[in-house]
Amino acid sequence: MVVRDFRLYRKLLRQTRPYWLHIAGIFLLSMLSMPLALLMPLPLKIAVDNVIGSQPIPGFLDTLLPTAIAPSDPAVLAIAAVLVVAIALLNQLQGFGSLLLGTFTGEKMVLEFRAQLFRHVQRLSLSYHDSKGTTDSTYRIQYDAPAIQWIVINGFIPLITSVFTFVGMAYVTMRLDWQLAVVALGVSPILFVLTQVYSQRLRHQWTEAKNLESSALSVVQEVLGAIRVVKAFGREAHEQDRFIDHYSKSIWALIRVSLAQSFFSCVVALTMAIGTAAVLFMGVKHVQSGILSLGDLLLVNSYLTQLYIPLMNIGDQVTGMQRSLASAERAFYLLSETPDVIECKHTKSVSRVSGAVTFDNVSFAYDKAHPILRHISFEVTPGTRVGITGRTGAGKTTLLNLLTRFYDPSDGQIILDGINLRDYKLADLRNQFAIVLQEPVLFSTSIAENIAYARPDASEHDIIAAAKAANAHEFIVSLPQGYETQVGERGMRLSGGQRQRISLARAFLKDAPILILDEPTSSVDNKTEAAIMEAMERLMNNRTTFMIAHRLSTLESCDKLLVIENGRLVSVTSEVSAAIKDSLL
């Protein structure tokens, strides 16, 4: 536990390094609360001992009183009243400064941490997202990342401030009556042991609760992402029950944590009550015996109350931070995940390849027990149109995912223009491909921005030209807002054929030398398919093209046909038309 905490604190220190000056400022402002807390009981002591009582006034009051005014009781009382207001005002100013700087620093830290997590998640390989799903990463970015603010701004700084305040109060109390101070401090070892024991238990319980909350959130995201299927099968009630079941487990985990914290608070409060009772008993005895004045006893009791407040705060901060520490662990765990596809140190830059592709004895498996592709070998010259067919699950899409380096082969190598894919810069390599998927992916923005996604700096003229080439311009201009029409989440305000033509327009605009078409016409009607095929003919011109299709008629214009079955390349045919006719017969 200690080693794990040390590693976590070291990561937090590295993460917050750019904000050390801000944190130091917050700490100094927080430290001002200690002398202000020490001054708070002072006006009461002055009123009791120097106004009501007959003791001489403290020396510092002489400097506060004007020389023309004698140190009379009304003057001393007025000074005490002014001190109450002045101390209260200083407290408010100190609190305002701490809040303002703390909020600014905390929010900046959270934003940077979230951006770092988001950037890292995008770099992780598809295999990670396939296995973990998107909800867990979303939860860690949105709900676990703010832990850095809770720990540093709302945790460590108040904790350290409480420690200094505690030491200051203990010192002042010791100077007034060391016996009372020893009695009051006798509860400290008990509280320290209780804090250590409960911290470990709470950390484990909070981690469990966070995992359950993330699991419950995945139900929401999954159902809303497939809402049409849920409605079509009338499964709303079932999904609601599933949601309630997951969140019920999360609720019970949170209840267990709350019970543990409440029990800890009760034990702490009882321990402090015993210490306060002992101090009160001994303090009265000291007043009766003349060791303390009544004002001193009131002052000591006030300090002891403030002595126990930071002591209680220390316990609360240590146990309360366990939730944030559990979140921070989860966030840093996400950062520790390494991508499967890694860019080598000595990579080559490339602006535009010619499109010569070679698969040399390529095999791939997500795990060794279940190979997806086995010993695939073939060559493609620049400008060749390659058709790929085979049964569902044969490995066709995986083959092209290897070509774009979404995954790396388990064995063998893929050569592009005579260079292994691993030797290219990833950004340069991915820039050589334009991809049109079976289910086109659009973002919740305008049609123009979706077309320009591959080239954000594209002009309006280029966007329109790409749309015309994709046979999309006519339907776009018929929409009320034309190219500024918002497509909705995942483009669901448009039909499947419209989404596919926008996806084709995006590929035209990118103008990449290699084109990947993954079942681009499988979910459209015959008329729309004809328009898409016409556009794809223009798009494939002078480009190396890989087209996946189940319908062999779609592949008639290809120069080479690959047939894949059970992860193996069973045939490579150059006479595509003849092969298709034979298979249809």
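When I say buried, I mean under 20% relative accessible area, with exposed being over 50% and partly exposed in between (1.4 Å probe, protein chains only). Hello everyone, and a quick word on the model. It is predicted, so to speak of local features we need pLDDT of at least 70, side-chain atom pairs count only at pLDDT 80 or more, and totals for chains, interfaces and linings use all residues. Residues are numbered from 1 along each chain as its sequence is written, and side-chain values use heavy atoms, leaving out hydrogens and water.

Let's start with Glu-239. This residue sits in helix 13, residues 236-288; helices here are DSSP runs of H or I with at least four residues, strands are runs of E with at least two, and both are numbered from the N terminus. Is Glu-239 buried or exposed? With a relative accessible area of 15%, Glu-239 is buried. Its side chain makes a polar contact with the side chain of Arg-242, at 2.9 Å. By polar contact I mean a pair of N or O atoms within 3.5 Å; within protein, one must be able to donate a hydrogen and the other to accept it, and residues adjacent in sequence count only if both atoms are side-chain atoms. Setting aside neighbours within four places in sequence, Glu-239 is in contact (heavy atoms within 4.5 Å) with Val-219, Val-223 and Val-230.

Next, Val-187, in the loop between helix 10 (178-185) and helix 11 (188-225). Val-187 is buried too, at 7% relative accessible area.

Now to the strands, and to strand 9, residues 560-565. Because 5 of its 6 residues are buried, strand 9 is largely enclosed by the rest of the structure. Which strands pair with strand 9? Strand 3, residues 385-389, runs parallel to strand 9 and is joined to it by 4 bridges, while strand 10, residues 568-573, pairs with it in the antiparallel sense over 5 bridges. Pairing here requires that DSSP find at least two bridges between the strands. Strands 9 and 10 form a hairpin with 2 residues between them, and Asn-566 in the turn has a positive phi of about 50°.

Last stop: Phe-443, in the loop between strand 6 (433-436) and helix 17 (447-451). Phe-443 counts as partly exposed, at 36% relative accessibility. Thanks, and I'm happy to chat!
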